[in-house]
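Keep the 3D view open while you read.

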Amino acid sequence: MTQFLLAIMVGIGTGLLGAVAGPAVVPGQPGMGGLFAGMGLVIGFILVWRSLGGTRQDIRDLFR
């Protein structure tokens, strides 16, 4: 459970960075902050989860 929470926190952090960086990277396009925030959340979570040895089965087990 601790690994899951750590992965969530890193995912949220990278999502927030993506939300800030998105409009700066692609100015003039509405919705880029949300797109980059979503990508940061998912990528940050996956990288931390996999680096700590987590598997997809572990995530399925959390929601049973």
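**The overall build**

Keep in mind that this is a predicted model. What is the protein built from? Three helices and zero strands. If you read along the sequence, the pattern comes out as α-α-α.

Now for the overall dimensions. Along the principal axes, the C-alpha atoms fill a box of roughly 40 × 20 × 15 Å. The radius of gyration of the protein is 14 Å, while a compact globule of 64 residues would have one near 11 Å. And how much of the chain is buried? Of the 64 residues, 22% are buried.

**A nonpolar patch**

Turn the model until you find M9, I12, L16, L41, V42 and I46, which together make a nonpolar surface patch of about 560 Å². Which elements give two or more residues to this patch? They are helix 1 (2–25) and helix 2 (32–51).

Let's pick out L16, one of the patch members. L16 belongs to helix 1. Is L16 buried or exposed? L16 counts as exposed because its relative accessible area is 57%, and the cut-off for that label is over 50%.

**A positive patch**

The surface also has a patch of positive charge, where R50, R56, R60 and R64 gather. R60 sits in helix 3, which covers residues 56–62. With a relative accessible area of 46%, R60 is partly exposed.

How open are they to the outside? Q3 is partly exposed, at a relative accessible area of 36%. L5 is also partly exposed, with 47%, and M39 gets the partly exposed label with 39%.

| Pair | Apart along the chain | C-alpha separation |
|---|---|---|
| Q3 and R56 | 53 residues | 13 Å |
| L5 and I43 | 38 residues | 15 Å |
| M39 and R56 | 17 residues | 18 Å |

Then try M39 and R56, which are 17 residues apart along the chain, with 18 Å between their C-alpha atoms. R56 turns up in the positive patch as well, alongside R50, R60 and R64.

Key: Residues numbered from 1 in each chain as written. Predicted model: local features only at pLDDT ≥ 70, side-chain atom pairs only at ≥ 80, totals over all residues. Heavy atoms only, no water. Patch = residues over 30% accessible without salt bridge, like charges linked within 9 Å, V, L, I, M, F, W, Y side chains within 5 Å. Areas by Shrake-Rupley, 256 points an atom, 1.4 Å probe, with all protein chains shown as cover. Salt bridge = Lys/Arg side-chain N within 4 Å of Asp/Glu carboxyl O. Lys, Arg positive; Asp, Glu negative; His and termini not counted. Charge placed at Lys NZ, Arg CZ, Asp CG, Glu CD. Helix = DSSP H or I, 4+ residues; strand = E, 2+ residues; numbered from the N terminus. Buried < 20%, exposed > 50% of the residue type's maximum accessible area, 1.4 Å probe, protein only. Rg over C-alpha atoms; globule rule 2.2 N^0.38 Å.
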